[in-house]
Amino acid sequence: MTNEPRHHCGQFRDLACSRRDMLRSVSGGFGMLAFAGLFGRNALASPIDADRALASTHFKPRARSVIFLYMDGGPAQMDTFDPKPRLVDYDGKPFPLVAAPTQFNNNGNTLASPWKFRNYGQSGLPVSDLFPHVGAMADELCVVRSMTSDFSEHTNANYFLHTGSGIPGRPSMGAWTSYGLGSENDNLPGFVVVEGGLIPPGGLDCFSAGFVPARHQGSIMRPTGEAITDATPRESLEAQSRKRQLIARLDSQFAHDARAEAVDSAIKNHELAYRMQSAVPELASLDGESAETKALYGFDAPDPNTRTYARECCLARRLVERGVRFVEVTCPRTIGDRWDQHSDLKAGHEANARAVDQPIAALLTDLKRRGLLESTLVVWSAEFGRTPFAQGTDGRDHNPFGFSMWMAGGGVRGGIAIGATDEFGYRAVDKPYKIHDLHATMFHLLGVDHRRLTFRSGGRDMRLTDVHGELIVDAIA
Amino acid sequence: MSFASHLLCVGLAASSANASSSSAAVAAARVDFAREVRPVLVARCFACHGPDADARKAGLRLDTFEGATAELKSGIRAIVPGDASASALLARVAHADSEERMPPDGREPVTPAEIASIARWIESGAEYTAPWAFSPMTQPTVPTVRGDAWCRSDIDRFVLATQEAVSITSTVAPPIDVDATSLMRRASFDLRGLPPSEAEIKAFAADPSDANFAAFVDRSLASEAFGERWGRHWLDLARYAETLAHEFDYDIPSAWRYREYVIDALNRDVPPARFVAEHLAGDLLEPRASMGLANAAPLATAWWFLGPATHAPVDVRQDEADRIAGAVDVVGRSLFGLSIACARCHDHKFDPILARDFYALAGVARNTRRVEGFIDTDARAATLANDARAALNDASIALGVAPQPRALDASIVTRIDDATDGGRAWSRAGHAFDASTALLALNDDGSLALAESGTIDSARLDAQLVGSARSPAFPLTKRFLHLRVRGRESWIRTIIDNYWLDDRNGLLFEGMRRELPAPDASYAASDPRAYPWRIETFDMQRFIGERAYVELIDDRGGWIELDAIMESDESTASAVETWDVDGIASALELTTPLSEPIRLRAVGARDALRACSPPIRALVAEDSGAFDEPVHMRGSSRNYGELAPRAQLSILSAASTHAVALDGSGRLALAQTITDPATPYLWRTLANRVWLKLFGRGIAETPDDFGQLGAAPWSTELLDHLALKLARGATLKQLIREVMLTRAYRSAAGSTELPSSAWQPLPVRRLDAESIRDAMLVASGTLDASAGGPSVPVHLSEHMQGRGRPGASGPVDGASRRSVYLEVRRNFLDPFMQAFDQPLPSTTCGRRHASNVPAQSLALLNSELVHLLAARWGEQLSSGAQREVSDDARIDSMWYAAFARAPRTDERREAREFLTLERGATTDATVDATTNASAQDSAAFTALAHALFCAKEFVFLR
């Protein structure tokens, strides 16, 4: 645990009249631009492009969209992307370094990785046998082996990863992205969470809009069943159409009498809702995908969790194709209960890896062949990693002091590994990076200076990166 | 570089030349510092040249006259009053070279218009006026207005004056009044959150007199619905929720009782000073009986603990600091209207709030602990318990034996608390524990028994009594903590840094909470005195240096007695093991003749106490210590600076009229200072909040931030006029009534071209989430208007997943209760409420968004809730006697229910045609005509009901 301050008040913006203030005055000053809900486009289609805070990006964007593959629970770095042969020497022996407090305080002996690593591709980047499909895409991956977090608890760490702050109530990085850049699709939200069965610990606050307008909050989409809440009519189209005509007549008279922009906007928004009822099913249906594509993702894989995650990844591609800015993909509910292997590491990590390996590789392949990978930043990360020593005998506890994540596509250099942990994979020792640095880099690739995307809340100009954030420069192509 | 050298070549020359070319022009265009200059300085300069000394650059501060005009090391002065051309500030902001220009680093330059304002301000003397929010309230003179005929009260004169002030050249026409039915609908939603009834609308339309309107306002203020409506406003400020978020979203025990308290207090019109003081320190005030409780005031203190919390933090002190920061933020925003939480890491950048102020409040919070208390439902209980104890004490004195101090090998064991004083410093809840040193106890059968002296004991009077007791907080200095205890079926807890969530999930805190088991069966439950003492040892290795306290809980039929708290470096310390009872009880025989009347007194009081109705459990605050908290350097919970005397805020000392005695946590002192009639913050925020809720726009538009980044009021005079009424004792209902009876409240909704410095008539407003749902329940005739009680469990859709998901979903219709009674689970917030902007319960929210998003239309079009309520309304209109009523009459009743008015002729015709179409669409050839007619009627009216729910007029107020 670091002793550095974590809760700073934010950067102090130098614009007396923020864009938001301007929008507020344009729209009549009465909270017109404060929005709750699912969809990214404000029905109040103002001539000044009201749904994005930034009129233009700060510099040329390398990526247009982000797909965040959230590895719920924390895969172990030394079992995935950070090989540590030294652990073999100490396997089963007392851990030679001083261990900081862990969440379960049941620290056992050093535990070598049960998996072998192979070098892949032209780059020779090592990837463990948990990820043969992803390994095959190694030349696309930019692995950061020196990530750190400030928290050892799932929820604090999750809020931190998602919002840059360890407490609930702040905007998620997807909400910030949507707030800053808007959606490129009038009928779809700027931030979508494809939910495979596991809402992360911390709940929907991980996808919250916090203090930015609520329309930027993550819209939950499910890969099966009703894709989005209330988007499916409960009556025949004829019945809905009859009502629609009556409502339109009543509304038109009311709008005439009220002469208020708020009412006019609500009417437009009602019409938009009708259109969305048809846009959402088109988006969510994967029937039109070719047999080859379905097979690539693993729609027919033997493991049902692979099949679920395959649909999620395919949906993620469809979303970015249609202009959604930020897609987060959550893990399916596997037997091992996400990546959080406090015990039975081998079976649990294998089940989790089996669920996501093929679909992730397919997503990268599919994006690439459609020309989308260069404009889509794919980020693979958990809230923290795991300890090199055992919890009990066959598990690993939480470890925020050093862990691995990777990026691919959208302006990052492939086939490299940045930073390093110590010889046991315990603490980041070379080029340690923080979550804020990941956020800053992500924004940079989207063309946004993280210091200049702010929102005033409670008398402070808040930022995703708080007062922190250094670019992971080696990652940028 | 030389500042002077630049003065000759900067762009400001033009503007200052203009300004100084004619002193008359300067005078005519006098600059308003607060409006035109300070905001520029705040936004552009204060981050580096403001109140925060640590962040200050070049030793220059521009937030005070003294700082701005002082000669700097370089020999120049930023501001030379009366001489713009000599003021380096102007040269720097207008510099042509971006390397030299301020603000630096390529930030956008100060605009020419802003520079011109600053220049004129300097020319006219550079007078600093104190920021309005930090200035004392002043009684404003009621303005004389040209349109006095329009005014009904002084409030109207203040309001109109702002309009007349900005339209000197043209006569601005005061706004016209809204029509009677719209006024009724507006007032009804504003006061009760519910639509007016058809009878109310018709009665008022028939006689829309002032007297009738006042009578309606009075009736509404007196209704239960008032508290349900305005209570919800307050809950927004309190970040009210019933769970803790984080991983498992654990319940906040009995959180709903706080909601109950708020509604009750508002309905009883508890004076605002008392209401706020109860929030801060209700456990320390004179009791106030209400809600069937001997004292309702402590319920308010649950407010301190309504924030989120995580289980098993690895760094427990940081966790405490984070929770406290959340509470301080709520204190700052809701009671001061200031972002005091900004000063957690450094002095405030823009406002005169010091880091010390943050820690003065954090210290209060850190000495305040969260307790699941016991509150009497029988007002006699406390007296009876006291009587019984007094009798035991009298009997004890008659024994004539004094307790003896006991020996302890201090080289091995440190005594933290040996309770020899009967635990006087301990805090207690319920009546089981007392602070008595009596040597006598009462047996179950009413006989007397000799007791250990100077212990803290829940069975002295009656083993059946429930309660809890907590030691003062103490620092942990050694690895092992030992408690010498005896008892059965009760709990011992050691609480570290006020971390209490181990009661739901142990992990790192496993074993800090222990149930005291019954010893073997040979000990009769009825003879506590015969129980053996035992040592309970806690390993505090990870917590040395932290602050802890011990809690004893007897809430499940057992009892517990504690003799001593000790600590040592060894897990088994001989001094602890051999620590013996004081010997008095074993040496004495109960032979001293005791007065039978004393015993009977004790037994009588105890038996009467047993007959009292049991106490309720509720979350309350309690003082735990009296430490001052140090400033945490840069917000780090491990790096300390100077001590910040608790409750002593620099922004309060100047304003409050008298020093208050500091006791315990300082909550009481804080309450007294904040509610002092001379302290402006609370009164201004409250007055502004009332105005905001009635007019849709505050007098100051940022109700939770009166600081320099917030919006200045459009009339400080009106704000102080109202705030002073509250400070001088007006209640909330009185203020609301006065505002509602103004002409301003009656004006038609609309917009004007007036600048934001003038009062604007009411906007057309969208109803809030609760009102929309409640109005649908009322229209459908199914509202269950019963008040209070535990919340209705949230309805869980399949999209609401995740850890902590309740096992069962609540009913779709929320049991038809008003929305304020729907459960608020942080990780499972109601999507309908969310769509319509019920705020996230993360911190104070004084102004709700009124968003406009498709999710709202989708919820109205397709949600299960809306369809269900439409069906119920349709069912009502098509069953029983209703079937005999004409379509037109039924349509009329629907219009009244939905829009508070009769339909126009064309609307009636369209509705009729709609019903005909719908009936046609539901013809079923397989059933007989009667069945068909019934089904058609039901379907047609259901469809019409749904259409009306979706109509904009349903959700907007004019």
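Two strands pair if DSSP finds at least two bridges between them. Strands here are DSSP runs of E with at least two residues, helices are runs of H or I with at least four, and both are numbered from the N terminus. With that in place, A:Asn107 stands opposite A:Gln391 in S10(A).

Some housekeeping. This is a predicted model, in which local features need pLDDT of at least 70 and side-chain atom pairs count only at pLDDT 80 or more, while totals for chains, interfaces and linings use all residues. Residues are numbered from 1 along each chain as its sequence is written, and chains are lettered from A and ligands numbered from 1 in the order in which they are written.

Chain A, then. Its pLDDT, the predictor's confidence in each residue from 0 to 100, averages 86, and 88% of the residues score at least 70. Over residues 1-49 of chain A the pLDDT is below 50, yet this stretch has 150 contacts in the model beyond near neighbours in sequence. A contact means two C-beta atoms, placed from the backbone, within 7 Å. Where pLDDT is low, the predicted coordinates should not be read in detail.

Chain A has eleven helices and 18 strands. Back to the sheet: three strands of chain A form an open, antiparallel one in the order S2-S10-S11. Its edge strands are S2 (107-110) and S11 (395-399), each pairing on one side only. S2(A) and S10(A), residues 385-391, pair over two bridges.

Now the interface. On chain B, 91 residues are in contact with 79 residues of chain A. Which helix gives the largest share of the side of chain B that touches chain A? H30(B) does, with eight residues. By class, that side has 37 nonpolar, 28 polar and 26 charged residues. Nonpolar covers Ala, Val, Leu, Ile, Met, Phe, Trp, Tyr, Cys and Pro; charged covers Asp, Glu, Lys and Arg; the others, Gly among them, are polar.

Last, helix H10 of chain B, residues 180-192. Buried means 20 or more other C-beta atoms within 10 Å of the residue's own, exposed means 12 or fewer, and partly exposed is in between, with C-beta atoms placed from the backbone. The buried residues include B:Arg185, B:Arg186 and B:Asp190. After H10(B) comes B:Gly193, with a positive phi near 70°.
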